[in-house]
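Dear colleague,

Please read the notes with the model open beside you.

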Amino acid sequence: MGDLSWRFDEREYNYIKEVLDSGFASGTSGNMNTRLERAFAEKFGQKFAITFNSGTTTLHTALWALGVGYGDEVIVTPLTVISCMNAILYCNAIPVFADIDPDTFLLDPEDIKRKITPRTKAIMPVHLYGQVCNMPEIMSIAKEYNLGVVEDCAQCYLGTHKGKIGGTFGDVGSWSFENSKHITTGDGGIIACNDEELADHIRKLNTQGFRNATAISGKIRVSKDIFQNPSYRRHDRFGFMYRLPEVAAALGLAQIEKLDWFVEKRECMAKMYKEAITAAGCDWLIPQLTPENDRNSYYTFAVKFLRDDITWEEFRRKFIDNGGDGIYAAWALCYQEDSIQDVKRILDTMHLGEKLNTEKGICPNAEKIQPLLMQFTTNQKDEEEMKIEVDALYRTIKDFS
């Protein structure tokens, strides 16, 4: 990729300067975080939004707030960043892996049903690459079995399914502000939900259980006379320390103001990739299926590579030779990562090791498709950079035709 500074303009600098000019006085009231939270909640049509220091701590906190604990099971896709599995483990719970649909690459509701046990507490749908899961079906299953639902929208901003925005179906939606996402604060994340009692609990978990923290405010020092009194009890709940710094929130506020533009640029890049594949007469690069009338926000443009006579690596090398930005592989499936041995060792100390199923074949579609996936970048600066990627893809397909 070229220079990525195009993602920032005077808005980011002005908001950050506002925080610095305050001498960090606003750090006690969370003014910039509050502004970002309100803007995000309004944009996504939710009542409450709470900022976090990562899109992993959001998942951990959401699961904890929904009551996920020791020995509980949470159903999740294995085809995702390891944060999803780890957030479940942070709760001393067990990730149970359900298979994917071979065309959308998303959680298969039918396999979710097959994986439910009396210990199942929640489902974590992951809106992979910007495409929203089949949430009506997943919510129907959750309602039938009385399960919590945490939507991981780290890669999905303003993506829709049946006209509804991803992250607004379940109990909680979780987004990441990591530097490769549609909008960024460097690192960070945000939760949105409509239940005030749940949002209150999430806020307190986010900020050490401070008594004054609420669904709508992270402000913890209401009165110096009260706060500085030796008899004052600051904390009324257990909590973590997952707050987003004010400077990062300032960056995020500017970014949310440009969200539509960021998403539209990625959609445009994906459309151009599709057109190149069609123009080249290629039937062996199969894009992620987006159901009719759904909106895929294209964190990345993902395809299945279906050639036996050339390797995945050969295609990538040729694409780079032709001027392309490189091609990312999908992560190894969570239960096939080398860290699983460490996970099992930790679970064994809690007498839970035998509960984690990592056997080959538990998610056959995911195991088959993961090695075939190619992820093309969609965060190009302008039309000139977009054309370079499209031309590289077209030429590479032709080179192997």
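Which exposed residues does the face of α1 turned away from its buried side carry? They are Glu-10, Tyr-13 and Asp-21, where exposed means over 50% relative accessible area, buried under 20%, and partly exposed in between, with a 1.4 Å probe and protein chains only. Please bear in mind that this is a predicted model, in which local features need pLDDT of at least 70 and side-chain atom pairs count only at pLDDT 80 or more, while totals for chains, interfaces and linings use all residues. Residues are numbered from 1 along each chain as its sequence is written, and side-chain values use heavy atoms, with hydrogens and water left out.

The buried residues of α1 are Glu-12, Tyr-15 and Val-19. Seen down the helix axis, these residues fall within an arc of 75 degrees, so they line one face of α1; the arc is taken from the directions from the axis to the C-beta atoms. Their cover includes α2 (31–43) and α9 (246–256), contact meaning heavy atoms within 4.5 Å. Helices here are DSSP runs of H or I with at least four residues, numbered from the N terminus.

Towards α2, Tyr-15, Glu-18 and Val-19 of α1 meet Asn-31, Met-32 and Arg-35. The axes of the two helices come within 10 Å and cross at roughly 145 degrees, the axes being lines fitted to C-alpha atoms over the stretch in contact, with angles from 0 to 180 degrees between N-to-C directions.

Finally, α1 is followed by Gly-23, which has a positive phi, near 65 degrees.
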